[in-house]
Amino acid sequence: MSTAARRRLMRDLRRLQNDPPAGVTGAPLDNNIMVWQAVILGPDDTPWEGGTFKLILEFSEEYPNKPPVVKFVTKMFHPNIYADGKICLDILQNQWSPIYDIAAILTSIQSLLSDPNPASPANSEAAQLYDEDRREYNRRVREIVEQSWMDGDDGDDDDEDGDDDEDDA
């Protein structure tokens, strides 16, 4: 079934393939045009440099009139990213416009990594460190960058408390 949302997503995919922005990629997941997997590379010359950060974008039939739900599956430490990976970014909420395509969404998120808004924190600890102890903040970010290299394909590597292993042995 070809809906306006699906046609727009196909157009966004063609644009992303034909003219990919530096440091971001994205494509439908499991041949479902409504759910995408994306990767953002940490911007050069920032503490995020060298990181490989995975995201999931979920689109509704109301796209492009409504923004997708976007969240990181890679563990993040950032003033504007919640613990569950959801992102506090104006263009994904009250400043959304149908002119934004997937490339614009991903490049905006990539920019947010190195240019956070600590005045609107989703992670108060990260926001406080960013404002008051940039050296410690940068150290924590570099830890996240290193962890991003080791994340498996499922993105569910949550070793925070050690008991999240759900192996059916």
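The chat below goes through a predicted model of one protein chain.

Student: What should I know about the model before reading off numbers?

Tutor: It is a predicted model, in which local features need pLDDT of at least 70 and side-chain atom pairs count only at pLDDT 80 or more, while totals for chains, interfaces and linings use all residues. Residues are numbered from 1 along each chain as its sequence is written, and side-chain values use heavy atoms, with hydrogens and water left out.

Student: How many helices and strands does the protein chain have, and in what order do the elements run?

Tutor: There are 4 helices and 4 strands. From the N terminus the order is α-β-β-β-β-α-α-α. Helices (H or I, at least four residues) and strands (E, at least two) are DSSP runs, numbered from the N terminus.

Student: What do the 4 strands form?

Tutor: An open sheet in the order β1-β2-β3-β4, with antiparallel pairing. Two strands pair if DSSP finds at least two bridges between them. The edge strands are β1 and β4, each pairing on one side only. On average, neighbouring strands of this sheet are turned by 25 degrees against each other, direction ignored.

Student: How many bridges join β1 to β2?

Tutor: 6 bridges, between β1 (residues 24–29) and β2 (residues 32–41). The hairpin of these strands has 2 residues between them, and Asp30 takes a positive phi near 50 degrees there.

Student: And β2 to β3, how many bridges?

Tutor: 7 bridges, and those strands also run antiparallel. Val35, for instance, has Glu58 in β3 as its bridge partner.

Student: Which helix packs on the sheet?

Tutor: Helix α1 (residues 4–18), which touches β1 and β2. The direction of α1 makes about 30 degrees with that of β2. Axes are lines fitted to C-alpha atoms, for helices over the stretch in contact, and angles run from 0 to 180 degrees between N-to-C directions.

Student: What else does Thr25 touch?

Tutor: Not counting residues up to four places away in sequence, Thr25 touches Gln37, Ala38, Val39 and Leu106. Contact means heavy atoms within 4.5 Å. Thr25 has a relative accessible area of 47%, so it is partly exposed; buried means under 20%, exposed over 50%, partly exposed in between (1.4 Å probe, protein chains only).

Student: How much of the chain is buried?

Tutor: Buried residues make up 41% of the 169 residues.

Student: Different topic. How many aromatic pairs are there?

Tutor: The structure holds 7. Rings of Phe, Tyr and Trp (its six-membered ring) pair if their centres lie within 6.5 Å; planes under 30 degrees apart count as stacked, over 60 as edge-to-face and the rest as tilted. Trp36 and Phe59 have ring centres 6.1 Å apart and planes at 65 degrees, so that pair is edge-to-face.

Student: Where do Trp36 and Phe59 lie in the chain?

Tutor: Trp36 is in strand β2 and Phe59 is in the loop between β3 (52–58) and β4 (69–72), 23 residues apart. Both are buried.

Student: Which other ring does Phe59 pair with?

Tutor: Phe59 forms an edge-to-face pair with Tyr63, at 4.8 Å centre to centre and 70 degrees between the planes. Phe59 has a relative accessible area of 8%, and Tyr63 is buried at 2%. Ring pairs link Trp36, Phe59, Tyr63, Trp96 and Tyr100 into a cluster.

Student: What about Gln95, where is that?

Tutor: Gln95 is in the loop between β4 and α2 (102–114). Gln95 is partly exposed at 45% relative accessibility. Leaving out residues up to four places away in sequence, Gln95 touches Asp90 and Tyr100.

Student: Last one: at what angle do α3 and α4 cross?

Tutor: Roughly 130 degrees, with the axes of α3 (residues 124–132) and α4 (residues 134–150) coming within 6 Å. That angle makes α3 oblique to α4; angles under 35 degrees count as roughly parallel, over 145 as roughly antiparallel, 65 to 115 as roughly perpendicular and the rest as oblique.

Student: Which residues make the contact?

Tutor: Glu125, Ala126, Leu129, Tyr130 and Glu132 of α3 and Arg134, Glu136, Tyr137 and Arg140 of α4. They divide into 4 nonpolar, no polar and 5 charged. Here Ala, Val, Leu, Ile, Met, Phe, Trp, Tyr, Cys and Pro count as nonpolar, Asp, Glu, Lys and Arg as charged, and the others, Gly among them, as polar.
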